[in-house]
Amino acid sequence: MAKEFHPLLLIIFLSFLISSTLFDVSLTMAADDSDEDFSPADAFRALDPNDPLVVTIAKFAVEENNKQKKENIQFATVLKAASQQIGAKTEYGLLIKADENGTSNTYVAVVLDSKNSGRELVGFTKPNLAV
C-alpha cells in the first residue's frame with residue numbers, strides 16, 4: 001500500500017541536507033558546553049551514503065518507484081542520506097543519483113522501514129533545484 005507523497009516531507013528533507021553540517025557542529029558545541037547528555041529524540045541523523053544498508057534502501061526506492069510508475073530508472077549512487085526514528089519505524093531520506101533514458105538525474109526518496117511491516121516507499125521525486 002503506497003502512501004501519497006507530501007511536498008512538506010521533501011522540503012524538510014532538503015532543509016536537512018542543506019543544514020546538516022551546521023546542525024552537526026551545533027550539536028557538538030551544545031554537548032561540549034553542557035554537563036548533560038544532548039541527544040535530541042526524533043531528529044534526522046546523517047548517514048554514510050556508502051553504508052550497505054543505505055545503498056540497499058536506495059535501490060529498493062528506485063525499484064519500487066519503477067514498479068509503481070512503470071519507469072525504467074537505473075540506480076547509480078547515494079549522494080546523501082539521513083534517518084530518523086518514528087516509533088517502531090525508521091524513516092530514511094535519500095538523495096539518489098540515477099540514470100533515466102541515458103540522462104543522469106538526482107532524485108529525493110523517502111522510505112519507511114519497519115521490522116514488523118517491511119519497507120514502504122513514501123515518496124520518490126526529481127526535485128526542481130532551480131534557483
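Analyst: The chat below goes through the sheet, the hairpins, the helix and the aromatic rings.
Analyst: This is a predicted model, where local features need pLDDT of at least 70, side-chain atom pairs count only at pLDDT 80 or more, and totals for chains, interfaces and linings use all residues. Residues are numbered from 1 along each chain as its sequence is written, and side-chain values use heavy atoms, with hydrogens and water left out.

User: What is the strand order in the open sheet?
Analyst: The order is E1-E2-E3-E4-E5, five strands with antiparallel pairing. Strands are DSSP runs (E, at least two residues; helices are H or I, at least four), numbered from the N terminus, and two strands pair if DSSP finds at least two bridges between them.

User: Which strands stand at the edges?
Analyst: E1 (45–47) and E5 (118–125); each has a single partner strand, so one side of each is left without a neighbour in the sheet. Neighbouring strands are turned by 25° against each other on average, direction ignored.

User: Which helix packs on that sheet?
Analyst: Helix H2 (residues 52–69), which touches E1, E2 (73–86), E3, E4 and E5. Contact means heavy atoms within 4.5 Å. The direction of H2 makes about 70° with that of E5. Axes are lines fitted to C-alpha atoms, for helices over the stretch in contact, and angles run from 0 to 180 degrees between N-to-C directions.

User: How many bridges join E3 to E4?
Analyst: Twelve, between residues 89–100 of E3 and 103–114 of E4. Among the partners, Lys-97 goes with Thr-106 in E4, and Tyr-92 with Val-111. The two strands form a hairpin with two residues between them, and Asn-101 in the turn has a positive phi of about 55°.

User: And what joins E2 to E3?
Analyst: Twelve bridges, again with the strands antiparallel. Ala-81 stands opposite Leu-94 in E3. This hairpin also has two residues between its strands, with Gly-87 in the turn at a positive phi of about 60°.

User: Is E3 mostly covered or exposed?
Analyst: Mostly covered, with nine of its twelve residues buried. Buried means under 20% relative accessible area, exposed over 50%, partly exposed in between (1.4 Å probe, protein chains only).

User: Changing topic: how many aromatic pairs are there?
Analyst: One. The rule takes rings of Phe, Tyr and Trp (its six-membered ring) with centres within 6.5 Å; planes under 30 degrees apart count as stacked, over 60 as edge-to-face and the rest as tilted. The pair is Tyr-107 and Phe-124, stacked at 5.1 Å centre to centre with 25° between the planes.

User: Where do the two residues sit?
Analyst: Tyr-107 is in E4 and Phe-124 in E5, 17 residues apart.
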